[in-house]
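Dear colleague,

Please find below the structure that I am handing over to you. The findings follow directly after it, grouped by region.

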Amino acid sequence: MRHSLPVIDLSQRDGLPERLDAACRHEGFFYLIGHGVDPALRAAAFDAARRFFALPDTEKARWHIERSGIHRGWDPVAWQALEPGQPGDLKESFYLGVDRGPDDPLVQAGTPNQGPNQWPDEHQVPGFRQAVQAYEAALSQLARRVLSFMAQGLGLHARWFDACLQDPMPVLRLLHYPPQPPSEAVRPGQIGCGAHTDWGSITLLAQDDAGGLQVQAADGTWFDAPPMPDAFVVNLGDMMARWTNDRYRSTPHRVFNPHGRERYSLAYFFDIDYHAEVQALPGCFDEANPPRYPPTTAGEHIIEMYERTRASH
Ligand code: OGA
Ligand code: NI
């Protein structure tokens, strides 16, 4: 059977919650079009990422993730293995979060992974900060809209998720995949990004035109999710599966970049409030289908996942 991802047009309001609900139940993955995000914002963020990654590693090491203590900044090729137990991924990345100063209430409270970003110098990557912040602002709005329609698809009030979005902690990850080397030059199983599920609520992924994203179908086979200009690839994370008591799928995916080209992508993980409780949503459980997971909080869940995927070397 040939698999492909559904396309959800956010500008077609008729039956939108129902179409979203079906995509989240069956694939846990879809292309989002009609989203209204200015293509120029996205192009500028890609451009900033390309210029950052073009710096020599010795320069990028000034913003090494291990200097941050809160998981912000640059992680070199093979620093992370998204598929636990596999060799490090053939990608480098740059993590940005909400840029919180010392007076921020979450920082004051000692909340893990909350604090300032590491910013490349303006003269080295001109306009970097402006470009990524404008992109993040647009994606935050978009993620809220998608969640609002998802709430309706779940039979909840459109503003149901707002209570968990008082002070969310979204993460923007700029990614760069070098071309996949010949097999004798890599360790067995070493690819752009190992098979994994995302961890949070929803991920909004922008990919360039290189290709390489693959999604696992329910029958276990892998299929390509080719680039679609201006679309976002949206997928659900483990937290959403847990929240919906497995009504929705957190679908495994990976990147294999075989076409001899550099590949860039922008992954926006819409992580909700640190202290938001995640337990089976109303309507997702009943006597015949009781909650399958103990309650947790969004923050604890994410921290646990970071620990699990640090490559051992
Ligand atoms: C991720 C991811 C895919 C890509 O960062 O979680 O799945 O295309 N990225 O970079
Ligand atoms: Ni992912």
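Between which two strands is the loop in which Ala-78 is found? Ala-78 belongs to the loop that runs between β3 (73–75) and β4 (92–96); strands here are DSSP runs of E with at least two residues, helices are DSSP runs of H or I with at least four, and both are numbered from the N terminus.

Before the remaining findings, two notes on conventions are in order. This is a predicted model, in which local features need pLDDT of at least 70 and side-chain atom pairs count only at pLDDT 80 or more, while totals for chains, interfaces and linings use all residues. Residues are numbered from 1 along each chain as its sequence is written, chains are lettered from A and ligands numbered from 1 in the order in which they are written, and side-chain values use heavy atoms, with hydrogens and water left out.

Backbone and loops

Although Ala-78 is not a glycine, its phi is positive, at about 75°. Ala-78 counts as buried because its relative accessibility is 17%; buried means under 20% relative accessible area, exposed means over 50%, and partly exposed lies in between, with a 1.4 Å probe and protein chains only. Asp-230, likewise a residue other than glycine, has a positive phi near 70°. Asp-230 is located in the loop between β9 (222–224) and β10 (232–236). With a relative accessible area of 41%, Asp-230 is classed as partly exposed.

Ligand 1 sits in the largest cavity. A cavity is a set of points, on a 1 Å grid over the protein atoms alone, where a 1.4 Å probe fits but cannot get out, and a molecule sits in one if more than half of its atoms lie within 2 Å of its grid points.

The residues surrounding ligand 1 are Leu-175, Tyr-177, His-196, Asp-198, Leu-205, His-253, Val-255, Arg-263, Ser-265, Ala-267 and Phe-269; a residue is near the molecule if one of its heavy atoms lies within 4 Å of it. Six residues of this shell are nonpolar, three are polar and two are charged. In this classification Ala, Val, Leu, Ile, Met, Phe, Trp, Tyr, Cys and Pro count as nonpolar, Asp, Glu, Lys and Arg as charged, and the others, Gly among them, as polar.

At least two shell residues each come from β5 (171–177), β11 (253–255) and β12 (263–270). Strand β12 provides the largest share, with four residues.

- Ser-265: the separation from an oxygen atom of ligand 1 is 2.6 Å.
- His-253: the corresponding distance to an oxygen atom of ligand 1 is 3.0 Å.
- Asp-198: a polar side-chain atom is 3.1 Å from an oxygen atom of ligand 1.

On its own, ligand 1 has 290 Å² of accessible area, of which the protein covers 97%; accessible areas come from the Shrake-Rupley method with a 1.4 Å probe, and for residues only the protein chains shown count as cover.

His-196 and its contacts

His-196 is part of strand β6 (residues 193–196). His-196 is counted as buried because its relative accessibility is 10%. The side chains of His-196 and Asp-198 form a polar contact at 3.1 Å, a term that denotes a pair of N or O atoms within 3.5 Å; within protein, one must be able to donate a hydrogen and the other to accept it, and residues adjacent in sequence count only if both atoms are side-chain atoms.

Other buried positions

Trp-243 lies in helix α6 (residues 238–243) and is buried, at 2% relative accessibility. Its C-alpha is 8.4 Å from that of Cys-284, which is 41 residues away in sequence.

Ser-93, in strand β4, is buried at 0% relative accessibility. The C-alpha atoms of Ser-93 and Gln-80 are 9.7 Å apart, with 13 residues of separation in sequence.

His-301 is found in helix α7 (residues 298–308) and is buried, with a relative accessible area of 9%. Between the C-alpha atoms of His-301 and Gly-200 the distance is 8.2 Å, although the two are 101 residues apart along the chain.

With kind regards

Definitions and conventions. On a 1 Å grid over the protein atoms alone, a cavity is a set of points where a 1.4 Å probe fits but cannot get out, and a pocket is an open set with protein on both sides within 12 Å along at least five of seven lines; lining residues have an atom within 4 Å of a point.
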